[in-house]
Amino acid sequence: MFWIAQYPMDAIDWTFSKLGGWLGQLLPEAWWSDLLVNGLLAGLSGILVFVPQIMILFGLITVLEDTGYMARISFLTDKLMRKVGLNGKSVMPMISGFACAVPAIMSTRNIENKKERLLTILITPLMSCSARLPVYTMLLALTIPRKHVLGFLSLQGLVMMGLYMLGLVMAMIVSYVAKWFIKMKEKSFFILELPIYRAPAGTTSSSPWSARRRSLSWMPER
C-alpha cells in the first residue's frame with residue numbers, strides 16, 4: 001500500500017512545493033504573504049499528502065466489507081480480543097487506526113458494551129497512523145543502514161514492519177492491563193450479521209444476494 005501511495009504523495013508534495021515557490025516570488029515581502037505561503041499553504045500540503053494512503057486503505061476495507069469477509073474478520077478475532085478485554089468489533093477501529101485515529105475512534109460507536117468501547121478508544125491511538133510514517137522514515141534513514149537480509153529483504157523495511165507490529169502488541173498489552181482498572185459490570189453481547197461471500201457489487205441493494213444473510217449471536221461467559 002505504501003509504495004502505491006508514494007506516487008500520488010510525491011505528486012502532491014511536488015505540486016505544493018512548486019506552488020509555494022511561485023507564490024513566494026510573485027507576492028511582495030510582507031507578513032501576510034509569509035502567512036499564506038509558509039503557514040496556510042504548507043499546512044494544507046502537510047494534510048493532503050496523507051490523503052492517498054487513507055483513500056487506498058479505506059478502499060481496500062470497502063472491498064473486504066463488500067465481499068462479506070470483513071464481518072468474518074471480526075468473528076475470527078473475537079476470541080482473541082476478549083482475552084484482552086475487547087470485542088470482535090474492536091478490530092475494525094484498530095485497522096482504521098493505521099490510516100487515521102480520528103475516524104477510527106468515531107467508528108467505535110457501534111460497540112455496544114461501554115467498557116469495550118472505552119478500551120478500544122484508549123488503544124486506537126497506539127496504532128501507527130499515516131502521520132507517523134514521515135517520522136519513521138526519517139529515523140530509519142538516519143539510524144538503519146541500507147542493506148538487505150537474506151539477499152532480498154530490506155533491513156529498513158523489516159524495522160518499519162517491526163514498528164507497526166510493536167504498536168499492535170503494545171495495544172494488546174495496554175488493553176489487558178487497563179481492563180482490570182475500568183470497573184464496568186455490563187454483559188457483553190456479540191451480535192454480528194454474516195453476509196455470504198460474493199464479488200464486490202458496490203452499495204446497491206437490488207442484488208438478489210442481499211436478502212440471503214444469516215445472523216450469529218451469543219453471550220460469552222464472564
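**Stop 1: the whole chain, coloured by confidence**

Start by colouring every residue by pLDDT. The average over the chain is 79, and 88% of the residues score at least 70.

Now widen the selection to residues 203-222, where pLDDT stays under 50. The model has 33 contacts beyond four places in sequence for this stretch. Where pLDDT is low, the predicted coordinates should not be read in detail.

**Stop 2: helices H3 and H4**

Next, select residues 51-67 for helix H3 and residues 69-83 for helix H4. The axes of H3 and H4 lie 5 Å apart and meet at an angle of about 90°, so the two helices are roughly perpendicular to each other. To see the contact, show the side chains of Ile61, Leu64, Glu65 and Thr67 on H3, together with Tyr69, Met70 and Ile73 on H4. Five residues of this contact are nonpolar, one is polar and one is charged.

**Stop 3**

Why does about one helical turn separate aspartate 78 and arginine 82? Because they are four residues apart in helix H4. Side chains of opposite charge can pair when their charged atoms come close. The model has three salt bridges by count.

**Stop 3: helices H8 and H9**

Finally, select residues 133-143 for helix H8 and residues 155-178 for helix H9. Their axes come within 11 Å and cross at roughly 135°, which means that H8 is oblique to H9. The crossing of H8 with H9 is right-handed. On the H8 side, show Leu133, Tyr136, Thr137, Leu140 and Ala141; on the H9 side, show Gln156, Val159, Met160, Leu163 and Tyr164. This contact of H8 with H9 has eight nonpolar residues, two polar ones and no charged ones.

Terms used
Residues numbered from 1 in each chain as written. Predicted model: local features only at pLDDT ≥ 70, side-chain atom pairs only at ≥ 80, totals over all residues. Heavy atoms only, no water. Axes fitted to C-alpha atoms, helices over the stretch in contact; angles between N-to-C directions. Parallel < 35°, antiparallel > 145°, perpendicular 65-115°, else oblique. Left-handed = near helix turned anticlockwise from the far one by under 90°. Contact = heavy atoms within 4.5 Å. Nonpolar A, V, L, I, M, F, W, Y, C, P; charged D, E, K, R; others polar. pLDDT = per-residue confidence, 0-100. Salt bridge = Lys/Arg side-chain N within 4 Å of Asp/Glu carboxyl O.
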